[in-house]
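Open the model in a viewer and keep the sequence beside it. The stops below say what to select next and what is there.

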Amino acid sequence: MASRNITESELLELIERGTVKYKDATRFWIAMHVESRQDNLLSIAAVLEDKLVVKTVMHHFEWEDK
């Protein structure tokens, strides 16, 4: 998050309001455009286990199936 200048509030908004695309039953991405940023979409790669595990946070993200 720090190297990509993503704040905790941006991360929480992304988790709560982003578009979700599942890879399978437990792995997925969440992405959304943040108006105040100039780097396309913010995205997280996550795993749903007993709780949500954010594996990484990305910027300049593009969905593969555009």
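**The largest pocket**

The lining of the largest pocket divides into four nonpolar residues, no polar ones and four charged ones. Here Ala, Val, Leu, Ile, Met, Phe, Trp, Tyr, Cys and Pro count as nonpolar, Asp, Glu, Lys and Arg as charged, and the others, Gly among them, as polar. This is a predicted model, in which local features need pLDDT of at least 70 and side-chain atom pairs count only at pLDDT 80 or more, while totals for chains, interfaces and linings use all residues. Residues are numbered from 1 along each chain as its sequence is written, and side-chain values use heavy atoms, with hydrogens and water left out.

To see the lining, select Lys-21, Tyr-22, Trp-29, Phe-61, Glu-62, Trp-63, Glu-64 and Asp-65. The space in this pocket is about 160 Å³. A pocket is an open set of points on a 1 Å grid over the protein atoms alone, where a 1.4 Å probe fits, with protein on both sides within 12 Å along at least five of seven lines; lining residues have an atom within 4 Å of a point. Points are joined across faces, edges and corners, and the volume is the space filled by probe spheres set on them.

**The sheet**

Next, show the strands (DSSP runs of E, at least two residues, numbered from the N terminus; helices are runs of H or I, at least four). Four of them form an open sheet in the order β1-β2-β3-β4, with antiparallel pairing; two strands pair if DSSP finds at least two bridges between them. β1 (19-22) and β4 (52-61) are at the edges with a single partner strand each, so one side of each has no neighbour in the sheet. Between β1 and β2 there are four bridges, in the antiparallel sense. Select Val-20, and its bridge partner in β2 is Ile-30.

**The loop between β2 and β3**

Go to Asp-39, in the loop between β2 (27-33) and β3 (41-48). Is Asp-39 buried or exposed? Asp-39 counts as buried because its relative accessibility is 7% (buried is under 20%, exposed over 50%, partly exposed in between; 1.4 Å probe, protein chains only). Leaving aside neighbours within four places in sequence, Asp-39 is in contact (heavy atoms within 4.5 Å) with His-59, His-60 and Phe-61.

Asn-40 lies in this loop between β2 and β3 too. Asn-40 is partly exposed, at 34%, and has a positive phi, near 65°. Most residues other than glycine have a negative phi.

**Before α1**

Last, select Asn-5, in the segment before α1 (8-17). Its phi is positive, near 55°, and Asn-5 counts as exposed at 59% relative accessibility.
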